[in-house]
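Please have the sequence and the structure open while I talk.

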Amino acid sequence: LFIVYREEHTRILVHQQLRESLLLKEKDRFPEYLIIEYVLIDDSNLLEKIPVSGLPKVNDNFDEEIKKGHIKKRQAWQKFLKQSVSPLVKNKNNADIFAIIEIGTTQVKGRHPKQNIRSAVREACVLENINSQMLQTVKPTKKDDTAYSPKTKGRTLNAVLDITLRQTGILYGLPSKVYQAAKIPANIAQQLDIIAFCRVQKINFGNNTFQYAIAVRLSATGKVDVMLPSSKQWIPYTKAGIEIGKLFHEARKKDRDSLEQVQMKGGHLVKFVADTLVNHLENPTIALIEADVWRNERTKDGSNHQAWFQLQNKYL
């Protein structure tokens, strides 16, 4: 886990909240499985906003300038990560690499949201196989430069929990115990898988509409895996974000094959679910599908029929 910081206060509070998230007492050491490294952002230009010659109201080339600026910022961060972060990884073949990265202040008067460096930094991390969480610069209270406001502590703890819990798929206990409490027979509870099919749709992705779906599997042991439409096997949850990030990196280039992978139609959604449930189940399974975002998808054959009409309530 890399703490990538520009201001010392960011490093100090992230360290404190990391210990808090792991429930460590004052003299406790960090767990042996967790290697923590601190990396200083030694070039302030890395945190500068994406430059433009004017905001959209007066600049007809705004989006094009943002696109070019995004690429330059991503490349600058990739160079920094390769030089300052990657060499510190002790076991590149077996390690899951994470980073909490300071990105300055994102909301500034006179700055357009598209000038934010967040997406460029995240894309750079993806291409270097790093799971990332962004954090705005930490500042102490005006009265005491060794103290932090509850709001600052809270957002920093949220960032730490995101990287240590959500992005790793870690749970505080075994799902199998929950299943047993629900009176599911022990022989099933000890091996039950739960699969959730998730769909995301964005109307404007580089001037393209995209729709993408994944399957997330929670095992009775607490292990979490992901199935992507483009793959034929379950991959660890910690690898999935990077794989999806690389897929969308290619789609940004407007390569036709890559774009088609993130522009799933109704028929593709149904096929993905059917293929997963028919060919990729390993244990007794409960599958969860949000009917309200799947049932109205249309087929691609020109008939414009609902791809999955069975999900209407009258068919259930």
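Predicted model: local features only at pLDDT ≥ 70, side-chain atom pairs only at ≥ 80, totals over all residues.

**Helix packing and cores**

Helix α3 passes α7 in a left-handed crossing, where left-handed means that the near helix is turned anticlockwise from the far one by less than a right angle, and right-handed that it is turned clockwise. Residues are numbered from 1 along each chain as its sequence is written, and side-chain values use heavy atoms, with hydrogens and water left out. Helices here are DSSP runs of H or I with at least four residues, strands are runs of E with at least two, and both are numbered from the N terminus.

The axes of α3 and α7 lie 9 Å apart at an angle of about 115°; axes are lines fitted to C-alpha atoms, for helices over the stretch in contact, and angles run from 0 to 180 degrees between N-to-C directions. The two helices therefore count as roughly perpendicular (65 to 115 degrees, with under 35 roughly parallel, over 145 roughly antiparallel and the rest oblique). On the α3 side Glu-123, Val-126 and Leu-127 meet Ile-242, Gly-245, Lys-246, His-249 and Arg-252 of α7, contact meaning heavy atoms within 4.5 Å.

Is Glu-123 buried or exposed? Its relative accessibility is 9%, so Glu-123 counts as buried (under 20% relative accessible area, with exposed over 50% and partly exposed in between, using a 1.4 Å probe and protein chains only). Leaving aside neighbours within four places in sequence, Glu-123 is in contact with His-70, Arg-74, His-249 and Arg-252.

A second pair is α1 (residues 8-21) and α4 (residues 150-166), whose axes come within 9 Å and cross at roughly 60°, and which are therefore oblique to each other. Here α1 passes α4 in a right-handed crossing.

Turning to the cores, the largest nonpolar core has 27 residues, of which Phe-197, Tyr-212, Ala-215, Val-226, Val-262, Phe-272 and Trp-294 touch the most other members; such a core is a set of buried Ala, Val, Leu, Ile, Met, Phe, Trp, Tyr and Cys residues joined through side-chain atoms within 4.5 Å. Strand β6 (208-218) gives the most to this core, with six residues. A second, separate core of 21 residues includes Val-39, Ile-41, Val-85 and Ile-97.
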